[in-house]
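Thanks, everyone. Please take a look at this one with me. I'll keep it short.

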Amino acid sequence: MIDAIHRKTFEAMASRCEIKLSAPDALTADVLVRQAIEEVQRIETKYSRYRPDSIVSRINAAAGRSAVECDSETGALMAYADALHGASEGLFDITSGVLRRAWDFRHPQLPKADVLEPLLALVGWHKVDCGSDGVFLQQAGMEIDFGGFGKEYAADRAAALLIDAGVRHGYVNLGGDMRFIGPQMNGRPWSIGIQDPRDPESVMASIPVSQGALTTSGDYERYFELDGERYCHILNPRTGMPVRFWRSVSVLAPMAIAAGSCSTIAMLKQEDGLNFLNASDMAYLAVNDQGQMLYRDI
Amino acid sequence: MTSCDNNQQPNQQALAASILAAALLLPGLQVHAETPPANGVISLGYLDYRDSQSGLDRIRVHAPSISVMAPIAGVWSVSGSVVVDDVSGASPRYHTAISGASHMDDNRKAGDASLTRYFDRGTLTVGGAYSTEHDYVSRALSLQGSVESESHNTTWTAGIGHADDRIDPVNHVVTNERKRSTNFLLGVTQVLTTNDIGQLTLTHDEGEGYFSDPYKTFDNRPRSRSESTLLARWNHHIASTGATSRLSYRYYHDSFGVRGHTLGGEYVQPLSQGWSVAPELRLYTQSAASFYYDPIYDARLGAPFPPGYNGSGYMSADQRLSGFGAVTLGLKVSKQLDKLWSVDVKASAYQQRGSWRLFHEGSPGLEALRAQTIQIAVNRQW
């Protein structure tokens, strides 16, 4: 009765996405994939900062004025954001999105201090109240966003939905953040390539994965170069400046949201990121600014 | 510089671990019950246990439990199980000849978790367990590793564990008592032929603290106990009929003076259409602890009045420390429903009597203890 691997690609969360799953026939595969995509779209609609009706946009619009009531899922994500803020010693801060206003990666130009400073004043997780009446941003102009882990959360949720539906083989890939449902049909792991951070056409390593999740953060998706220096889109919430040191950090963890958070925190911690990765008990592969590969368990 | 790093290291570790812990709290995400590759098992069991003594219903336990074991991300596996028992019934009587059962109503909460790291030719497992009743808190940590020979025919296992219990009985016979024990395990498993596998396991347990039963009067046991166990097992597969026999022998010895021998045998015979039957027989005999005293029945004062005094000050009338023999008979019938699902029912009867003790006379004056257990389990294999 079972099964063959079916594959479906789609666009969501501004990324190229792919789902591979085992199903007895194309029709069943279609139904399952549609449910998974709907779950991804539900999360995108609910939390996108680009949609004015999303809960995130409503919280941001009410900044400095009033608390916005939120449901238990949003509350759980806020609690997760709080845990990340603590685990990263303040570096992973979901209020730091405002800093993007100072950086336009299409033009190689450093922001002026008088642009950056007022934005830095709007950053601060401690200025977010999560109470019984909802979420309140204390200062007008403040913003939160779940971009730092929303895609990974969606990958985990979509995979959980497919697992619940009885799927035993396959994975969910949302723009490179991958959550695995199970190995290939023959029991062998999937072999997943890691993109070379300096050559978009090639793969620098590959890794066998059957379970858990694999995510990669890097300095190569959005960046510009100026005077031989690379400025990437991952910004330090204290200085407002792009992080340096790592070209790419890939982490293998039981869940995509945990893997993604660890790879981002490693990027944010720069040199100290290696200590963090070593302490995290997760498998990783990281490439530093010298092009050296550092890895464990893969 | 270095001292700073040293301070930072465990801190970093805790911070990193907190991410996974926080992720586990998010709604609708699964980490456990996901597709383990070849051999993950989830089983839902229901245990109904009843024991009786001369017609009195004593203890009944209903324990719905669910346990999962699933490898994750290739190199790690998380396993955990949570059991909540309701225990309601009379506590075992002070010698079974006397009436005066106290009522027991414990609500036990327990959980355990372990993390296994897989290597090419071995595993390393770290585990923790926590269990609490309203008068008892138990915490345990364990570390166990195994190494396989290059041919995969021999596996050596070694482990160490530590448990720390706190005892605070409701009758305040003692308060805030503790019991600490450390245990060691050494084992070897050897594939003998294509149809035979043998295993030898040696365990040793050193304990210190409160071993007495606070709910029994005249119960005073030594504050240290060392126990050793040798377990030998031999599984044999009979290729012509597809059956498997499992034989085991266990020798137990402790510093209380208890020596026990257990001989067990089980025979699994697969039948057609997914059915299989497995009869089981277990014989047990043990000597009494050195400070166990027999009940004495006084015609005038009633029974029993413990003389107890033996010079050491230690005494116990706990039936489990008496000399006795016991027989367990069981039958398990299981049916494989399809590739994934199976159901099994196991019925067993247990009877223990002082007079059944082998080699020596058993403890007199105890009534036979009988127990019947019926266990139903539904298993799903991926």
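Strands are DSSP runs of E of at least two residues, helices are runs of H or I of at least four, and both are numbered from the N terminus.

A word on the source. This is a predicted model, where local features need pLDDT of at least 70, side-chain atom pairs count only at pLDDT 80 or more, and totals for chains, interfaces and linings use all residues. Residues are numbered from 1 along each chain as its sequence is written, while chains are lettered from A and ligands numbered from 1 in the order in which they are written.

Now chain B. Strand β10(B), residues 224-238, runs antiparallel to β11(B), residues 243-254, over twelve bridges. There, T229(B) faces Y252(B) across the pair. Four residues link these strands, and G242(B) in this hairpin has a positive phi near 80 degrees.

Next, β11(B) pairs with β12(B), residues 259-270. This is antiparallel again, over ten bridges. H253(B) stands opposite R259(B). Again four residues sit between the strands, with G257(B) at a positive phi near 100 degrees.

Over to chain A. It has seven helices and 14 strands. Of its 298 residues, 46% are buried, meaning 20 or more other C-beta atoms, placed from the backbone, lie within 10 Å of a residue's own.

Last, the cores. A nonpolar core joins buried Ala, Val, Leu, Ile, Met, Phe, Trp, Tyr and Cys residues through C-beta atoms within 7 Å. The largest has 90 residues, and A253(A) and A259(A) touch the most other members. Helix α6 of chain A, residues 256-269, gives the largest share, nine residues. A separate second core has ten residues, F256(B) and Y293(B) among them.

How values were computed. Buried ≥ 20, exposed ≤ 12 C-beta atoms within 10 Å, placed from the backbone. Pairing = 2+ DSSP bridges.
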